[in-house]
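Dear colleague,

I am handing over a structure for your study, with the sequence alongside. Please keep both open while you read the notes that follow.

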Amino acid sequence: MLSIDPTSQSVQDNYKLLIGSIVPRPIAFVTTLSSEGVLNAAPFSFFNIVTANPPMVAVSVQRKPGGIQKDTSRNVIAQGEFVVHISDESYIEAINITAAALPSEESEVALAGLTAIVSDLVRVPGVAEARIRMECVLDQSLSLGGTADSPSCDLLIGRVVRFHVDEALYENGRINAEALKPVSRLAGNDYAKLGEQFTIVRPT
């Protein structure tokens, strides 16, 4: 086994170890609204569940060099709302397009040819192509990493106030993962499909 001291190598080298080791990672496709009303969208694979009581999710948005916030963080913190979509095979190519570095006054949703859809409880529109989306209100935002003057990321914790689920995926309160066809992130430009499933009964 190699023994690697993270303080002895660059941030980029540590990043490569993390994204190559912590796989597969679910991808949150997040829409937000700017103060000028521009619909922003971007994918993030530093994403997971926080708790079910109440339902909460967390998305970690890495900052640009110099501690500059990305549009997603800035919009969520300013507006207090966002929509998380689950990435799946049916629109992953469009999601990838939204990762382009656009000026804040341009919409990635329009660039990717996606369809904005009005939300029930938040002002931020969702994307109609997603088969699962979650309307969220910001519970907490934490600036982490880097230095006090220049953090390296914003951890956005959102409370889900509305779930939208394609009826074809919904079975007795559960999601049919095989029908969803989720896509996960690996390292570099690589992604993964659901693949083979197996069951292990947890001990009592």
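**The sheet and what packs on it**

Strands β5 and β10 pair in the antiparallel sense, over seven bridges. Strands, like helices, are DSSP runs numbered from the N terminus: a strand (E) has at least two residues, and a helix (H or I) at least four. Two strands are said to pair if DSSP finds at least two bridges between them.

Please note that this is a predicted model, in which local features need pLDDT of at least 70 and side-chain atom pairs count only at pLDDT 80 or more, while totals for chains, interfaces and linings use all residues. Residues are numbered from 1 along each chain as its sequence is written, and side-chain values use heavy atoms, with hydrogens and water left out.

The pair β5 and β10 belongs to an open sheet of seven strands, in the order β3-β2-β6-β9-β10-β5-β4, with antiparallel pairing. At its edges are β3 and β4 (47-52), each of which pairs on one side only. From one strand to the next, the twist averages 30°. Angles of this kind run from 0 to 180 degrees between N-to-C directions, and axes are lines fitted to C-alpha atoms, for helices over the stretch in contact.

Helix α2 (residues 71-79) packs on this sheet and touches β2, β3, β5 (55-62), β6, β9 (132-144) and β10. The direction of α2 makes about 55° with that of β2. Contact here means heavy atoms within 4.5 Å. The buried residues of α2 are D71, T72, S73, N75 and V76, and their cover includes β2, β3, β5, β6, β9 and β10. Buried means under 20% relative accessible area, exposed means over 50%, and partly exposed lies in between (1.4 Å probe, protein chains only). After α2 comes G80, whose phi is positive, near 80°.

Strands β4 and β5 form a hairpin with two residues between them. They run antiparallel and are joined by five bridges; I49, for example, has V57 in β5 as its bridge partner. Strand β5 is mostly covered, with six of its eight residues buried.

On the β10 side, M56 stands opposite R159. R159 is found in strand β10 (residues 153-165) and is partly exposed, with a relative accessible area of 35%. Which residues does R159 contact, leaving aside its neighbours within four places in sequence? They are P54, P55, M56, E135, C136 and V137. By contrast, R159 and S90 are 26 Å apart in space, C-alpha to C-alpha, and 69 residues apart in sequence.

Strands β2 and β3 form a hairpin with five residues between them, and G37 in the turn has a positive phi of about 85°. Their antiparallel pairing extends over six bridges, and V30 has A42 in β3 as its bridge partner. Strand β3 (residues 39-44) is mostly covered, since five of its six residues are buried.

Is N40 buried or exposed? It is buried, with a relative accessible area of 5%. Leaving aside neighbours within four places in sequence, N40 is in contact with V30, T31, T32, D71, T72, N75 and E108. The side chains of N40 and T72 are joined by a polar contact of 3.2 Å. A polar contact is a pair of N or O atoms within 3.5 Å; within protein, one must be able to donate a hydrogen and the other to accept it, and residues adjacent in sequence count only if both atoms are side-chain atoms.

Strand β2 also runs antiparallel to β6, to which four bridges join it. In β6, H85 is the bridge partner of F29.

**Aromatic rings**

Rings of Phe, Tyr and Trp (its six-membered ring) pair if their centres lie within 6.5 Å; planes under 30 degrees apart count as stacked, over 60 as edge-to-face, and the rest as tilted. By this rule, the count comes to one aromatic pair. The ring centres of F29 and Y91 are 6.1 Å apart and the planes lie at 75°, so this pair is edge-to-face. F29 lies in strand β2 (residues 28-33) and Y91 in the loop between β6 (81-86) and α3 (92-97), so the pair ties together parts that are 62 residues apart in sequence. Both F29 and Y91 are buried.

With kind regards
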